[in-house]
Amino acid sequence: MASDAHDLKKHVRIYWMVFGALAVLTVVTVSAASLQVSVGVAVFIAMAIAVTKGSLVASFFMHLMFDKNRGIGALLLLCLIFFVFLMAIPSLVTFEAINTVNVP
Amino acid sequence: MLFGGLFSAYILLRVGAAEGSWPVGAEETHLSVNIGMLNTIVLIISSVTMVMAWAALKMKNIGQARGWLAATLALAVFFLVVKIVWEYAPKFQHDLVPATSTFYAIYFTLTGLHGLHIVGGIVVIAYFMLPGSAMWKSDPERFTNRIECTGLYWHFVDLVWFFLFPTLYLL
């Protein structure tokens, strides 16, 4: 029980450190938006920061980091890869082809 | 899956929009980055208070847990008040509604659905703070697990906002 209380106190310290990191990353997100870069780079930076923040919440607040079953983390990583690919599809598709109408 | 589909819709609409037709920047979107950032910080703090409530229960302190749940609830209500009073109301007053443009249609859909998830979380947290906390006396471990599950839902709602904020307000 003593070690449980000690572990929990350690976790509580981690939670506040993660909060600090999330707050800093939020400020970084807003600051990065003022950079003069191309749209693609801006999207990449914003989403990279959002994924980092999401990973911190999932790992520490949702306790994935402390989960003995690593399969869940691997599955989430797979979902993330597919999500990134899904979001990138529009830039890979030529909209000229979609909007083409064959007039007889 | 629901938000994933809507994010996909946003991307397709944004990429497929004619050049110059999609509003960019605060002057065209009428979205305040400061208000968005405030709401982001509010949700981050609410995630901390939610996990602190779980930690308090693991340390067998129901009083402290109730306090942290009350803080989570207050922050959630504050988020909704900011959203409705400082974001939605001014837009409606200036006739900026979902039917105004594709951007506003997807903006109100995404943020409205996220807001409904916040309302759902408020209902669940309020239940476990008040009548639901009776389970603490009969089965404390089960009650702690229920708070952990509520926390998982709440952290997910926070996580979705991490992607909504830069997508709608900054890009």
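**Figure 1. A:C79 is a partly exposed cysteine of this predicted model.** The relative accessible area of A:C79 is 45%. Its closest cysteine sulfur belongs to B:C149 and lies 19 Å away, too far for a bond. B:C149 is likewise in no disulfide, the sulfur of A:C79 being the nearest to its own. A disulfide is a covalent bond that joins the sulfur atoms of two cysteines. A search of the whole structure finds 0 disulfides over all chains.

**Figure 2. Helix 4 and helix 7 of chain B pack against each other.** Helix 4 of chain B covers residues 62-93, and helix 7 of chain B covers residues 140-170. Their axes are 13 Å apart and meet at an angle of about 25°; the two helices are therefore roughly parallel, as angles under 35 degrees are counted. Helix 4 of chain B passes helix 7 of chain B in a left-handed crossing. Helix 4 of chain B contributes B:I62, B:L69, B:T72, B:A76, B:F79, B:K83 and B:E87 to the contact, while helix 7 of chain B contributes B:F143, B:I147, B:W154, B:W161 and B:Y169. By type, the residues of this contact comprise 9 nonpolar, 1 polar and 2 charged.

**Figure 3. B:R14 is shown in helix 1 of chain B.** This helix spans residues 2-16. B:R14 is partly exposed, its relative accessible area being 24%. Leaving aside residues up to four places away in sequence, B:R14 touches B:W22, B:V24 and B:L171. B:R14 and B:F103 are separated by 89 residues in sequence, and their C-alpha atoms are 8.1 Å apart in space.

Definitions and conventions:
Residues numbered from 1 in each chain as written. Chains lettered and ligands numbered in written order. Predicted model: local features only at pLDDT ≥ 70, side-chain atom pairs only at ≥ 80, totals over all residues. Heavy atoms only, no water. Axes fitted to C-alpha atoms, helices over the stretch in contact; angles between N-to-C directions. Helix = DSSP H or I, 4+ residues; strand = E, 2+ residues; numbered from the N terminus. Parallel < 35°, antiparallel > 145°, perpendicular 65-115°, else oblique. Left-handed = near helix turned anticlockwise from the far one by under 90°. Contact = heavy atoms within 4.5 Å. Nonpolar A, V, L, I, M, F, W, Y, C, P; charged D, E, K, R; others polar. Buried < 20%, exposed > 50% of the residue type's maximum accessible area, 1.4 Å probe, protein only. Disulfide = S-S within 2.5 Å.
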